[in-house]
Amino acid sequence: MEILKTEILVVGAGGAGLRAAIEASDHGAQVAVLSKSVLGKAHTVMAEGGIAAALGNADPKDNWKVHFRDTMVEGQMIADWDMVSALVQEVPERIKELEAWGALFDRDENGKIAQRAFGAHTYKRTCYVGDRIGLEILHTLEDQVIARNIEVRDEAIATKIIGSNDKNNNKNKNRIAGVICVDLKRGEVFAIQAKAIILATGGAGRLYKITSNSWETAGYGYALAFDAGAQLQDMEMIQFHPTGMVYPQSAAGLLVTEAVRGEGGILLNSKGERFMEKYDKKRMELSARDIVARAVYNEIKEGRGTAHGGAWLDITHKGANYIIKKLPSMYDQFNTFAHVDIKKEKMEVAPTAHYTMGGVKTNINCETSVAGLFVAGEAATGVHGANRLGGNSLADILVFGRRAGINAAKYSSKTEYAEMDKDEISEELKRMDAPFKSNGVHPSEIKKAAQKIMWEHAGIMKTEHGLRQALEGIEKLKTMKAHADGSLQYNLTWVEAIQAAGMLLVCEAIVRSALERKESRGAHYRSDFPKQDDKSWMVNIICRNMKGKMKLEKKPVPQMPEELKRLLP
Ligand SMILES: Cc1cc2nc3c(=O)[nH]c(=O)nc-3n(C[C@H](O)[C@H](O)[C@H](O)COP(=O)(O)OP(=O)(O)OC[C@H]3O[C@@H](n4cnc5c(N)ncnc54)[C@H](O)[C@@H]3O)c2cc1C
């Protein structure tokens, strides 16, 4: 087996991974990037509406303190104040840096970066490029990676993080030494030895039947980290975006960006009522995502939905020119997939699984409890608490991608390579070979069944009964063996087969955490415990790996210093 060596291995070429690679390289480290998707095509390109930063261009009253308050309040006070504080204070610098690297943001009439409204932000602070912000950010970062000659192995998948051989040495006890990977292009298994790994593998939207997420986001990164001994936190916090496409079936779940509501789009039920008046009279369509998503869900459930089981989203009153200028991708998306002209017709929308607020637990330096393992972006947790504000994820991937790069470079400059544990390697090779020898089912059967369970029982409304059913279903799926045949080259059936156990582990973490939290908070809604209970549940739920078994633990949210407390309402 080929064994490559690099000081820092970045797993994932989305915004967080590429930003981390750039910074680690600028700090003098030798860096390589591994990515399941082709360079430039990671999930980040799908981001549409914009990136939140308190530049104060649209409203001079805006500053990081208001952004801090909005983020903590909408995260229902369980986000990590330390990380949020870094996020909101550092993101304006990251925007300027992107501009210096060539990103072209839309401008206002004074030539400054334009900023639009997004739900639950006090001021207009979302910087945008029409409705294609993700593409602009990712391609700008990609140029910087190429300019630095950073090695990128794309269409290659990390299947396991390997620990150190020398576990008797206290220093190496809980430390990473490398990864096992598959190169899909060449159809080869290989290993990469690294002093530090930055995991930037994105979220887990694809664990749900209806999702806005790209094919890459089945949450395998969480399983990799958990398996290596890291902790998962807030896994019950899955965000359902209020507006995904519902029709045609093949496009169900595709995102209809919040920018539509930010630019004045209104929500109507089948009776033509602007129903947000009932749910949040003050903020209306620009209320927090969890509130709008539950409002749409409720209208549909109570019989006021459209023919295809959605609500109407209408922006026609803004006029054709405005729509084409501000929402070109939305115009194309509806025209191509649904033959709907959004300049003249209403869009049909319903909630879609969108973002994983939970993830691998890190500190503000992106360090995990495993030495040498750093995590950034949607793969990590801490910044968004119980509910992510729109635009804050792109802020997160730039701020914490950079922080991961700096800290991994510092760590690797003081660390020697550890030898990879040979037993772990041979076990992994056996595991990878197993689907070819089993006469089990096609792995898509396992995946589809898990997605259905998650959508029906661990979705926008949860109950004890439903969650128990979900857990039972997942346990059953765990006993099924997946089968694959053919060669290793572009064998996505085999990839699904070897990732099935990891995917089920992440489903388990979501369901167990949701069962544990007996209240409703932000995106986590339990209809059997519909109230938020600050007396008992100002905690983060942590999943630990205790010799292969998942153990849950409640940890009180860290106390905030007085000067930050004063910023809150
Ligand atoms: C349709 C849509 C619109 C959005 N719009 C906005 C918006 O306007 N504003 C905002 O702030 N946020 C938005 N978001 C959210 C935001 O885009 C994502 O949260 C963010 O881009 C995640 O970036 P990331 O770098 O953490 O992960 P990703 O971009 O998901 O990248 C993950 C990378 O890891 C790779 N990978 C995964 N597993 C492995 C493995 N085992 N081995 C090797 N590589 C692996 C993937 O191939 C990929 O390269 C949107 C999301 C969606 C779905």
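**Figure 1. Methionine 560 sits in the loop between β18 (549-556) and α16 (562-565).** Helices here are DSSP runs of H or I with at least four residues, strands are runs of E with at least two, and both are numbered from the N terminus. This is a predicted model, in which local features need pLDDT of at least 70 and side-chain atom pairs count only at pLDDT 80 or more, while totals for chains, interfaces and linings use all residues. Residue numbers run from 1 along each chain as its sequence is written. Methionine 560 has 18 other C-beta atoms within 10 Å, so the residue is partly exposed. For that scale, 20 or more other C-beta atoms within 10 Å make a residue buried, 12 or fewer make a residue exposed, and anything in between is partly exposed, with C-beta atoms placed from the backbone. Which residues does methionine 560 touch, not counting those up to four places away in sequence? They are Trp81 and Lys565. A contact means that the C-beta atoms of two residues, placed from the backbone, lie within 7 Å. Tryptophan 81 is 479 residues away from methionine 560 along the chain, yet their C-alpha atoms are separated by 6.5 Å.

**Figure 2. Here is the whole protein, with its 16 helices and 18 strands.** The C-alpha trace spans about 65 × 50 × 50 Å along its principal axes. Of the 569 residues, 56% count as buried. Among contacts with a separation of 6 or more, 75% come from residues 24 or more positions apart.

**Figure 3. Arginine 289 is found in helix α8.** UniProt, in an unreviewed entry, lists Arg289 under "active site". UniProt positions follow the numbering used here, feature names are shortened, and annotations may be inferred rather than shown by experiment. Is arginine 289 buried or exposed? Arginine 289 is buried, because 26 other C-beta atoms lie within 10 Å. Leaving out residues up to four places away in sequence, the contacts of arginine 289 are Gly119, Gln239, His241, Pro242, Asn387 and Gly390.

**Figure 4. Domain 1 (240-354) and domain 2 (435-537) come from the domain assignment of the protein.** Such bounds are taken from an automatic or database domain assignment. Over C-alpha atoms, the centres of the two domains are 28 Å apart. Where they touch, six residues of domain 1 are in contact with four residues of domain 2. Helix α8 (residues 289-304) gives the largest share of the domain 1 side, with four residues. By class, that side holds four nonpolar, no polar and two charged residues. In this scheme Ala, Val, Leu, Ile, Met, Phe, Trp, Tyr, Cys and Pro are nonpolar, Asp, Glu, Lys and Arg are charged, and the others, Gly among them, are polar.

**Figure 5. Asparagine 407 is part of helix α11.** With 24 C-beta neighbours inside 10 Å, asparagine 407 counts as buried. Beyond its neighbours within four places in sequence, asparagine 407 is in contact with Asn365, Cys366, Glu367 and Phe374. Threonine 257 lies 150 residues from asparagine 407 in sequence and 34 Å away in space, C-alpha to C-alpha.

Figure 6. A cis peptide bond, with omega about -5°, joins tyrosine 247 and proline 248. Proline 248 lies in the loop between β11 (238-245) and α6 (259-262). Histidine 339, in the loop between α10 (328-338) and β14 (347-356), has a positive phi near 55° although the residue is not glycine. Histidine 339 counts as exposed, with 9 C-beta neighbours inside 10 Å. Tyrosine 490, in the loop between α14 (464-478) and α15 (492-516), also has a positive phi, near 45°. With 14 C-beta neighbours inside 10 Å, tyrosine 490 counts as partly exposed.
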